[in-house]
Amino acid sequence: MWFLSSRTKHMLHCLLLITVIILFELWTGGIKLSKKTQESFEFNPWERYGYLWCSLLYLLRILTFLPFPQVLFNFIGLTIYNAFPDKVVLKGSPLLAPFICIRVVTRGDYPQLVRDNVAKNMAKCREAGLENFIMEVVTDKPINLPVHRRIREVVVPPTYKTKSGALFKARALQYCLEDGVNDLADNDWVVHLDEETLMTENSIRGILNFTLDRKHQFGQGLITYANEQVINWITTLADSFRVADDMGKLRLQLSWLHKPILSWKGSYVVTQVRLFHWASYQKRGDK
């Protein structure tokens with residue numbers, strides 16, 4: 001389908017989505033076309049089941065509306081925003097972009113994977129024209145990354161404890177903000193990635209545009225799966241739901257409301273450093 005325009009692909013995507021919903025409703029009986037089928041369901045539930053069981057059944061039916069806001073946000077986001085965007089066009093020169101720290105958090109159990117992905121992401125950054133950046137790997141165990149002026153390895157001491165008692169990824173990220181460890185300025189930006197995340201040229205251009213706009217200090221982007229070798233198809237297909245979540249609900253709430261009112265991911269978060277300091281002051285009660 002490479003010969004189709006992005007708009008045409010999106011229209012076909014919306015048509016397929018609506019078709020699947022209609023077919024599902026017909027199959028489950030949500031939409032009844034036959035008058036005979038409609039008449040077979042005409043009875044008084046209070047008389048058939050009694051007041052206790054009927055009340056319980058109605059309560060269970062009402063509970064199904066709890067995820068309705070998320071379903072609505074997903075549907076609107078998947079239909080009003082182009083699901084097949086064209087190549088991202090830079091809004092300014094990469095030379096004018098602020099300094100960007102691409103921070104990867106890992107336990108250090110797969111050092112070769114981390115080294116390979118750091119090299120791949122470095123190459124993508126160069127292809128996208130990114131100039132002011134550094135690749136920073138925060139790990140519980142030494143990775144032994146190659147010595148390079150654009151690569152920094154931060155090993156979290158096993159004795160380090162946060163004031164709040166945070167563990168795992170939160171503990172490692174907090175260590176990066178401690179005095180003597182953090183060497184970023186307030187106007188710099190941090191892109192948070194997991195160890196297996198690979199960047200694309202479009203994602204880097206999107207990050208550059210976001211930092212050049214200077215409209216917001218928090219941002220988050222789309223993560224896709226099965227881009228490399230697939231180890232387990234079952235878990236990979238299960239992760240496809242997260243892609244739809246990113247393209248629908250998350251995209252709508254961040255683009256329209258500029259707030260993560262329903263959910264927020266733990267990766268691919270773009271943040272300005274001054275926000276970390278502000279949050280730290282607020283926690284201590286400083287003004």
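These legends describe close-up views of a predicted model.

**View 1. Packing of helix α4 against helix α8.** Helix α4 spans residues 68-80 and helix α8 spans residues 233-257. Their axes are 7 Å apart and meet at an angle of about 90 degrees. Angles of 65 to 115 degrees count as roughly perpendicular, and α4 and α8 are therefore described as roughly perpendicular to each other. On the α4 side, the contact is made by Gln70, Phe73, Asn74, Ile76, Gly77, Leu78 and Ile80. Facing them in α8 are Ala244, Asp245, Met247, Gly248, Lys249, Leu252, Gln253 and Leu257. Sorted by class, the residues in this contact are eight nonpolar, five polar and two charged.

**View 2. Packing of helix α1 against helix α4.** Helix α1, residues 6-28, packs on α4 at an angle of about 150 degrees, and the two axes lie 9 Å apart. Angles over 145 degrees count as roughly antiparallel, so α1 and α4 are roughly antiparallel to each other. The α1 residues in the contact are His10, His13, Cys14, Leu17 and Ile21. Their partners in α4 are Phe75, Leu78, Thr79 and Ile80. This contact has six nonpolar and three polar residues, and no charged ones.

View 3. In an unreviewed UniProt entry, residues 12-30 carry the annotation "transmembrane region". In the model, 89% of this span is helix and 0% is strand.

**View 4. Surroundings of Phe75.** Phe75 is located in helix α4. Its relative accessibility is 35%, so Phe75 counts as partly exposed. Leaving aside residues up to four places away in sequence, Phe75 touches Leu17 and Ile21. Both of these residues belong to the α1 side of the contact between α1 and α4. The C-alpha atoms of Phe75 and Ala244 are 9.6 Å apart, although 169 residues separate the two in sequence.

**View 5. Helix α7 and the elements that cover it.** Helix α7 has 13 residues, 201-213. From first to last C-alpha, α7 reaches 18 Å, close to the 18 Å expected at 1.5 Å a residue. Its buried residues are Ser203, Ile204, Arg205, Ile207, Leu208, Asn209, Thr211 and Leu212. Among the elements covering these buried residues are strands β1 (100-106), β4 (189-194) and β6 (269-272), together with helix α5 (111-127).

View 6. Phi of Arg214 is near 55 degrees, a positive value in a residue other than glycine. Tyr268 sits in the loop between α8 and β6, and its phi is also positive, near 55 degrees. Which of the two words, buried or exposed, applies to each residue? Arg214 counts as exposed because its relative accessibility is 55%. Tyr268 counts as buried because its relative accessibility is 11%.

**View 7. Thr271 in strand β6.** Thr271 lies in strand β6, one of the elements that cover the buried residues of α7. The relative accessible area of Thr271 is 1%, so this residue is buried. Apart from residues up to four places away in sequence, Thr271 touches Asp188, Trp189, Val190, His192, Gln217, Phe218 and Phe276.

Methods:
Residues numbered from 1 in each chain as written. Predicted model: local features only at pLDDT ≥ 70, side-chain atom pairs only at ≥ 80, totals over all residues. Heavy atoms only, no water. Axes fitted to C-alpha atoms, helices over the stretch in contact; angles between N-to-C directions. Helix = DSSP H or I, 4+ residues; strand = E, 2+ residues; numbered from the N terminus. Parallel < 35°, antiparallel > 145°, perpendicular 65-115°, else oblique. Contact = heavy atoms within 4.5 Å. Nonpolar A, V, L, I, M, F, W, Y, C, P; charged D, E, K, R; others polar. UniProt positions renumbered as here; feature names shortened; annotations may be inferred. Buried < 20%, exposed > 50% of the residue type's maximum accessible area, 1.4 Å probe, protein only. Expected span 1.5 Å × (residues − 1).
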